[in-house]
Amino acid sequence: MSDSSPLPPVRLHPEAELARDALSTPLLSRAARLARWAGPGTRVDAGGGLVEEQLPTAAEALGLTGDDAAAYASEAWRVAVDTGLVEVVDEEEGRVAAGEDLALLTGGSPHDVLAVWLAALETVLADASVPDIDDLVEAVDEGGGIDFSSLDWNPEAEAEFLDGVLGNLYLLTVSEDGPGDGPVPLPALAASMIVPSDMGEPTNDVLEQVSDAMMRLDDQFRLLAPVGLVEFQPVDEALMADADEEPASPIDDTDVSRYGMVRLTPLGLYGLRARLLEAGFEAPAVGDLADKGADALLDGTSTFPPAAAQAETEQWLARREPLAAARELLAAARGSDAGAPLRRLRCQQALSLVGPEAGPALREVLDDAELGGLARVWLTEHGAPDVPAPSEAMVFWLTIDTVAAQLAAEGNSEELRGLVEGLAEQHGGFFTAAWRVEHPATADVLEAMGRLHPDKRVAKEARKAAFKARSQQGG
């Protein structure tokens, strides 16, 4: 994922709802309970962790039983300390007290609660990049220290790998052609980090790497589920006949869910977006532009997929009176810069969501060289009477403007190819007249038409017209 281009916008749940989700996650709720359980007799070691003899009591306070109870209690305590729910007041004596942030969970704003949860998430993500405890035990050297070289473990590389996986999962979730709220197979997620995009059939070596990565992710997502980042269906342990053997190659299409399924929760989407923003990515959310001007709306949604652009525009319109909104949109759509055609297309799409109350605003721009064409289209579609017919010059100008907008929005898409073919068919002398259109994008549009049209004769006409247009523009 590159941080140079914006990601598709995410649709976030309201912060109040997300804060309730955060408070109900197993890990944060346990951390809060331990913070309230801690008292004058609670003792911690030099690292701030509960001393070993207190872990059974802590587990009992959490209602935990079984072999892993002490480990879960230790993890919850560490989260309580890292998030400020518990404060170590005397390191030498190992005394603790309730932290200032504990009160935020009951008396703070939803944003305050989410800030505490984000701190908990960072603790768990750091833990997820650490080798399995059994591997650490095996790596203990004769002196009692850990021989990290024997682990084949690079902390920065592990953290980077997990960040990349979570980034890909976020991108899959927010993309309109992705699974959306549906789960993603773990092999597909592992392959997104291992298999080169231009590779055809993966080699056995690559498949083995995918299997190894899949099993690492299985361990990591088991850790990330209790903090509420993901919902996770682990790998079916029956797939591995022997724990010492390599896992089965993840190519069985009969039941891919047996290889693990993961999806981001609404809370997880919020958390990953916060981390992406912190890392310098442009990660918009639907609703970000609702309180901004029409110029910000039209420019901001220019890179949005269609459904997200409509959702953003609907929120923007909901805060405004229809006639005033229409006037503001039309004013923002003017311009001769490179982004203007796409702004006008977004304006046209926004106006299609406004009712007949916008009519007077459209009539006010009927004589406008840049807006008169789209105003006529809108008024006609809404059954308005007495709509003046456009001049031929206006029709050609609007055509160039529309194709320029489609090029900016979609590139060389099949839809645009169909539009180009239709234009050439409907207007026999289109290219003879089109090169004279006084629009900044005329030459670029005609060159694109020459590139896109499948008929070599028509394509040649378009290229000749583009040459004339560029000569006319002096470029």
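Author: Let us begin with a pair of strands. In this predicted model, β4 and strand β5 (residues 261–264) pair in the antiparallel sense over four bridges. Within this pairing, V230 stands opposite L264 in β5.

Reader: In what order do the three strands of the open sheet lie?

Author: The order is β3-β5-β4, with antiparallel pairing.

Reader: Why are β3 and β4 called edge strands?

Author: β3 (184–185) and β4 (230–233) each pair on one side only.

Reader: Which helices pack on the sheet?

Author: Helix α8 (residues 155–174) touches β3, β4 and β5, and its direction makes about 70° with that of β5. Helix α10 (residues 204–224) touches β4 and β5, and its direction makes about 130° with that of β4.

Reader: What joins strand β1 to strand β2?

Author: Strand β1 (residues 86–90) and strand β2 (residues 95–98) run antiparallel and are joined by four bridges. V88 has V96 in β2 as its bridge partner. The two strands form a hairpin with four residues between them, and G94 in the turn has a positive phi of about 70°.

Reader: Why are α18 and α21 described as roughly perpendicular?

Author: Helix α18 (residues 392–410) and helix α21 (residues 442–452) pack at an angle of about 70°, their axes being 9 Å apart. Angles of 65 to 115 degrees count as roughly perpendicular, and α18 and α21 are therefore given that description. Their crossing is left-handed. On α18 the contact is made by I400, V403, A404 and L407, and on α21 by T442, D444, V445, A448 and R451. These residues divide into six nonpolar, one polar and two charged.

Reader: Which residues meet where α2 packs with α4?

Author: L27, R30, A31, L34 and W37 in α2 meet Y72, A73, E75, A76, W77, V79 and A80 in α4. The residues of this contact divide into ten nonpolar, no polar and two charged.

Technical notes:
Residues are numbered from 1 along each chain as its sequence is written. This is a predicted model: local features need pLDDT of at least 70, side-chain atom pairs count only at pLDDT 80 or more; totals for chains, interfaces and linings use all residues. Side-chain values use heavy atoms; hydrogens and water are left out. Axes are lines fitted to C-alpha atoms, for helices over the stretch in contact, and angles run from 0 to 180 degrees between N-to-C directions. Angles under 35 degrees count as roughly parallel, over 145 as roughly antiparallel, 65 to 115 as roughly perpendicular and the rest as oblique. A crossing is left-handed if the near helix is turned anticlockwise from the far one by less than a right angle, and right-handed if clockwise. Contact means heavy atoms within 4.5 Å. Ala, Val, Leu, Ile, Met, Phe, Trp, Tyr, Cys and Pro count as nonpolar, Asp, Glu, Lys and Arg as charged, and the others, Gly among them, as polar. Two strands pair if DSSP finds at least two bridges between them.
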